[in-house]
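Keep the viewer open as you read.

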Amino acid sequence: MPTITTNDIKNGMALDIEGVLFEIVEFQHVKPGKGGAFVRTTLKNARNGAVVERTFRAGEKVERAMIDKREMQFLYRSGDEYVFMDNATYDQLNVGPSSLGDASNYLVENGEAVLKMYGDEIVGVELPAAVELNIAETEPGIQGDRVSGARKPATLETGLVIQVPLFVEPNDRVKVDTRTGEYLTRA
């Protein structure tokens, strides 16, 4: 792995610190009036999402982790695993639900995702900002029941339950924000 100094770090860069993979959320180079300069960082653990603060001396060497972002297409589910195809090499990759986290709630067949790979390990999933999904189950709307802003629960084709407006019916196609899990509009 390449070694870099703390003077070269940037937001979004990945570091391997004592065998733990971190992503730099924020950094600040500080030069106090007295004493040596230092770099104050906010780091996010790429595996479990924990956020920690860490201070480095200016010029201190750290290991840079090379994260490979691969564009993948979700093909189908095979038992508990999700099968993806690499868009560049056409290789297939079986991925467990624990590696995907909440992203599995928004994956439909032939959907696109960017898998962040550290060696053979998946450390993150990037999805489009919004996806279109079918409503599998919801209570039917009652004629005249159009209270402004009223919501009801709806189960999507992936099994995720979200709140939708009263006019949304079963088998409607809706757009869902993948960052917040909220209903955006009918598609």
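Predicted model: local features only at pLDDT ≥ 70, side-chain atom pairs only at ≥ 80, totals over all residues.

## Serine 99 and its contacts

Leaving out neighbours within four places in sequence, serine 99 is in contact with Ile122 and Val125 (contact means heavy atoms within 4.5 Å). You'll find serine 99 in helix H1, residues 97–100; helices here are DSSP runs of H or I with at least four residues, strands are E runs of at least two, and both are numbered from the N terminus. With a relative accessible area of 31%, serine 99 is partly exposed. The cut-offs are simple: buried is under 20% relative accessible area, exposed is over 50%, and partly exposed lies in between, using a 1.4 Å probe and protein chains only.

Residues are numbered from 1 along each chain as its sequence is written, and side-chain values use heavy atoms, with hydrogens and water left out.

## The chain overall

Along the principal axes, the C-alpha atoms fill a box of roughly 70 × 45 × 20 Å.

Buried residues make up 35% of the 187. Of the contacts with a separation of 6 or more, 43% link residues 24 or more positions apart. The accessible surface is about 11000 Å², and 46% of that belongs to carbon and sulfur atoms (Shrake-Rupley method, 1.4 Å probe; for residues, only the protein chains shown count as cover).

## The annotated stretch

The unreviewed UniProt entry marks residues 69–123 as "domain: Translation elongation factor P/YeiP central". UniProt positions follow the numbering used here, feature names are shortened, and annotations may be inferred rather than shown by experiment. Residues 69–123 are 7% helix and 55% strand, and their end C-alpha atoms are 10 Å apart.

Alanine 46 lies in the loop between strand S4 (38–45) and strand S5 (51–57). What does alanine 46 touch, not counting residues up to four places away in sequence? The list is Leu21, Phe22 and Val123. Alanine 46 counts as partly exposed because its relative accessibility is 22%. Valine 20 is 26 residues away from alanine 46 in sequence, and their C-alpha atoms are 8.3 Å apart.

Threonine 5 belongs to strand S1, residues 3–5. Is threonine 5 buried or exposed? Its relative accessibility is 18%, so threonine 5 counts as buried. Setting aside neighbours within four places, its contacts are Gly59, Glu60 and Lys61.

## Two loop residues with positive phi

Tyrosine 90 sits in the loop between strand S8 (81–86) and strand S9 (92–95). Its phi is positive, about 65°, although tyrosine 90 is not a glycine. At 58% relative accessible area, tyrosine 90 is exposed.

Asparagine 171 is in the loop between strand S14 (161–165) and strand S15 (173–177). Here phi is near 75°, again a positive value in a residue other than glycine. Asparagine 171 is exposed because its relative accessibility is 67%.
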